[in-house]
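Here are my comments for you to read with the structure open beside them. Take them one at a time and find each spot as you go.

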Amino acid sequence: MIVLENGIISRLETLLDKLRIFINESEWKSKYAVQIEHLQNEMNEPCVLAVAGKVKAGKSYLINALLGVDLAMTGTTETTATINVFKRGTPPIKEKPVLCQWMDGRKEWMPKSFLESLQGTDEDTLAKTAKIDKLIFYLEDNPMLDMVTLVDTPGIGAVVGDDDDAHQVHTDAYFQLRERHKQDTISLSNSADAVLYLFNVVPEEIDKDFLLSLYDNGRGLTALNGIGVLSKVDKNDAILFDPSITEHFTADFQRELFKVLPVSAGIYKNIPSEETAFKIQRLFREKVSNTKIFDYLISSNKAYLKETVNGCAITLDERISILKELLNVKSLQEDYPWRVFSVILKELYYSEDVHQSLEYIRKLSGIEPLKELVLNHFFSRSKLLRASKILAVVKKMLLDLCYDEVFLSMEEASDIREKCKSECLKIDKAYRKIFEELIEKYLPTTLSLKESKKQIDDFIIEVESMLEELKEENDNYTALQLMNMNSHLFKEEEIQELNQVIVGKIVEREAVARLKYWSYVSVSSAPNSVRQIVALCAKRNYLKAI
């Protein structure tokens with residue numbers, strides 16, 4: 001991948017230089033010169049990974065978990081009514097790490113406490129957030145941000161009273177703001193190089209519609225550049241304790257997303273220390289008379305917060321203190337994830353080994369597999385992601401040039417050039433030179449027009465060649481990832497062979513025989529199955545070697 005990456009980046013930089021010169025010397029300078037310059041600047045910028053999803057899907061919780069910080073605003077009600085950008089860098093004032101960009105163009109460094117004033121859906125809060133373009137957070141020495149800028153989008157699909165967590169929203173201002181942010185989210189995600197999409201527990205129709213708008217019939221983000229997350233799976237025991245049942249979601253969204261993973265950022269965030277875990281386990285085992293009483297206590301927050309419970313010697317104040325400590329909340333007036341608390345508490349109470357239980361809770365959260373996939377899938381491929389996006393933009397620009405009205409008018413002008421020159425002979429010699437100079441300046445020759453067309457065609461051929469190379473590399477990458485994630489579908493010797501073949505390390509004398517083998521596998525496997533996709537990739541690589 002590194003060899004391809006270096007080659008593509010170098011060729012793309014050269015292409016953009018040539019295209020800039022061509023545009024600056026053409027009729028399209030005023031229309032495209034700035035865009036070319038912008039694309040050249042983007043070459044050295046980190047690629048953008050947008051985190052998108054339905055309102056209250058837990059985007060901010062997930063970002064905090066991925067970055068290992070506590071900056072993105074969180075809560076069980078809608079909290080992110082702004083676009084939040086996370087970059088690597090050092091703020092000029094440590095106490096003011098947030099750069100607020102206002103809609104009127106002003107920029108102002110803000111303390112972390114400023115974020116608290118942006119939470120909620122009252123009119124004053126909405127009025128304030130409506131004036132904000134974006135918030136930029138600068139983090140030092142964060143490996144996640146070395147090659148990627150992470151963007152937390154506002155969310156889509158606000159619904160009034162859709163479940164017991166939904167808060168009522170009545171003001172027109174709220175709906176106007178949410179509509180604006182829905183458009184902002186679509187716009188931002190479409191301009192991103194990749195997307196991390198969060199479903200609110202399970203996919204809904206609005207998720208499919210939104211992802212289709214990003215996919216845009218193949219003109220937007222590709223499935224390879226999208227990962228889906230079933231967030232808040234702590235609310236669904238079936239998914240939480242058996243993640244394999246979610247595998248069909250990957251198949252359901254295979255056109256829009258590379259993979260869908262179950263995750264609970266709430267569980268990950270609230271994993272207790274060993275000291276706290278031992279203390280909680282000892283307290284509940286000593287002061288709760290039997291398992292039936294314990295199960296009743298954690299059946300709901302209403303039961304847990306009863307003044308007295310027969311068989312439970314833990315006072316209400318003690319229970320509230322434990323809940324606050326474990327979930328890091330100051331008051332029960334705050335929103336807190338009850339299910340996260342009950343899942344962790346139950347695991348500790350029944351645990352035979354607290355150390356193992358803490359590891360099990362960490363595994364339940366699903367954050368580590370997601371981090372690994374994000375690192376491998378987006379961060380290690382960040383330069384190629386950016387190159388793919390820029391090449392797609394350049395291709396569209398070149399195709400637009402072919403049908404641009406300026407080009408069409410130039411064709412018409414070249415057609416009448418000779419006629420104009422003939423007509424000049426009828427003009428008085430005193431004025432003839434002036435008209436001839438105007439013709440030379442403003443009416444292109446057929447030859448110059450053909451040269452311009454050929455140059456554009458050459459640009460398109462070069463762009464398509466690089467896009468094809470990137471597609472082939474992406475196919476190889478996809479095949480390897482699918483094989484590694486579904487190793488049970490392959491024999492050990494097949495895995496060893498594929499690890500060599502897919503990266504181009506082929507023993508030529510064996511190529512013909514192995515081509516026949518993988519050709520058979522591709523036709524005998526179920527359509528679009530993992531084995532067929534991997535087999536087709538191996539077949540293509542063997543064909544290239546013969």
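**Notes on the model**

1. Let's begin with strand 1 (residues 47-53). Seven of its seven residues are buried, so strand 1 is largely enclosed by the rest of the structure. Keep in mind that this is a predicted model. C47, L49, V51 and G53 point one way from the strand, while V48, A50 and A52 point the other way, and all are buried.

2. Now look at who pairs with strand 1. Five bridges join strand 1 to strand 6 (residues 148-152), and the two run parallel. As one example, L49 has L150 as its bridge partner in strand 6. Strand 1 is also joined to strand 7 (residues 194-200) by five bridges, again parallel. There, G53 has L198 as its bridge partner.

3. Don't leave strand 6 yet, as D152 lies in it.

4. On to salt bridges: a search of the whole structure finds 18. One of them brings together the side chains of D141 and R88, at 3.4 Å from N to O. This pair links distant parts of the chain, 53 residues apart: D141 sits in the loop between strand 5 (132-139) and strand 6, and R88 in strand 2 (residues 84-88). D141 counts as exposed because its relative accessible area is 62%, over the 50% cut-off. R88 has 41% and counts as partly exposed.

5. Here's another pair to find: R531 and E494 form a salt bridge, with their closest N and O atoms 3.1 Å apart. They too link distant parts of the chain, with R531 in helix 24 (residues 530-545) and E494 in helix 22 (residues 492-501), 37 residues apart. Is E494 buried or exposed? It's buried, with a relative accessible area of 3%, whereas R531 is partly exposed at 21%.

6. Last, have a look at the surface. Y431, I434, F435 and L438 form a nonpolar patch there, with about 400 Å² of accessible area together. F435 is in helix 20 (residues 429-442). With 40% relative accessibility, F435 counts as partly exposed.

How values were computed
Residues numbered from 1 in each chain as written. Predicted model: local features only at pLDDT ≥ 70, side-chain atom pairs only at ≥ 80, totals over all residues. Heavy atoms only, no water. Patch = residues over 30% accessible without salt bridge, like charges linked within 9 Å, V, L, I, M, F, W, Y side chains within 5 Å. Areas by Shrake-Rupley, 256 points an atom, 1.4 Å probe, with all protein chains shown as cover. Salt bridge = Lys/Arg side-chain N within 4 Å of Asp/Glu carboxyl O. Helix = DSSP H or I, 4+ residues; strand = E, 2+ residues; numbered from the N terminus. Buried < 20%, exposed > 50% of the residue type's maximum accessible area, 1.4 Å probe, protein only. Pairing = 2+ DSSP bridges.
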